[in-house]
Amino acid sequence: MQLGFASAIIPELDLDQVLATASKIGYDCIELMCWPLGKAERRYAGVTHIDVDQLDQGDANDIRQRFEQAGVTISGLGYYPNPLAADPSEANLAVEHIRTVIDACTLLGLHQMNTFIGRDPARSIHDNWPRMLDTWKPIVQFAEQRDVRIGIENCPMLF
């Protein structure tokens, strides 16, 4: 078993500072947040420790080397939007960035991406179900083709 944390808990630190913190305290791994660059609209959202929109193989190799030298691993990449948002443009942006994070996993040699299924809060769970299937089946297929698993956060969003 490994002990780790999600980098969203220290949004004020850059990637090297997050890595140094984990190494100093003795953590084994970190889930790195990969939100699109921009302003956060809610707590723990909008945190970007890897800008996957700009990531290339050279950047990925550098990140892997820095983690290896620190003796810490990346447990997965995280991005927790609402791909079932009522606003179609918001939902589409979320889906496209999920795909970008999955591709970043491939560049980094990772097999784990973590996210949130989402929902339209104006609809019941029953009414969200068909849209969830339409949205998520292609995402899961995309991830499977890249040997990336998708972890789903079960968060009540009480804050």
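Which residues touch the most other members of the largest nonpolar core? They are I50, F67 and L77, in a core of 43 residues. A nonpolar core here is a set of buried Ala, Val, Leu, Ile, Met, Phe, Trp, Tyr and Cys residues joined through side-chain atoms within 4.5 Å; buried means under 20% relative accessible area, exposed over 50%, and partly exposed in between (1.4 Å probe, protein chains only). This is a predicted model, in which local features need pLDDT of at least 70 and side-chain atom pairs count only at pLDDT 80 or more, while totals for chains, interfaces and linings use all residues. Residues are numbered from 1 along each chain as its sequence is written, and side-chain values use heavy atoms, with hydrogens and water left out.

- Helix 1 (15-25), strand 2 (29-33), helix 2 (57-70), strand 3 (73-78), helix 3 (88-108) and helix 4 each supply at least two residues of the core; helices (H or I, at least four residues) and strands (E, at least two) are DSSP runs numbered from the N terminus.
- Helix 3 gives the most to this core, with 8 residues.
- Not counting residues up to four places away in sequence, F67 touches L15, L19, I30, L32, V72, T73 and I74, where contact means heavy atoms within 4.5 Å.

**Helix 1 against helix 2**
- The two helices pack at an angle of about 20°, with their axes 10 Å apart; axes are lines fitted to C-alpha atoms, for helices over the stretch in contact, and angles run from 0 to 180 degrees between N-to-C directions.
- L15, D16, L19 and S23 of helix 1 meet I63, R66, F67 and A70 of helix 2.

**N128**
- N128 lies in helix 4 (residues 125-145) and is buried, at a relative accessible area of 6%.
- Its side chain reaches the backbone nitrogen of D120 at 2.8 Å and the backbone oxygen of R123 at 3.2 Å.
- Leaving aside neighbours within four places in sequence, N128 is in contact with L84, R119, D120 and R123.

**Q112**
- Q112 is found in strand 4 (residues 112-115) and is buried, at a relative accessible area of 15%.
- The side chains of Q112 and N114 are joined by a polar contact of 2.9 Å, meaning a pair of N or O atoms within 3.5 Å; within protein, one must be able to donate a hydrogen and the other to accept it, and residues adjacent in sequence count only if both atoms are side-chain atoms.
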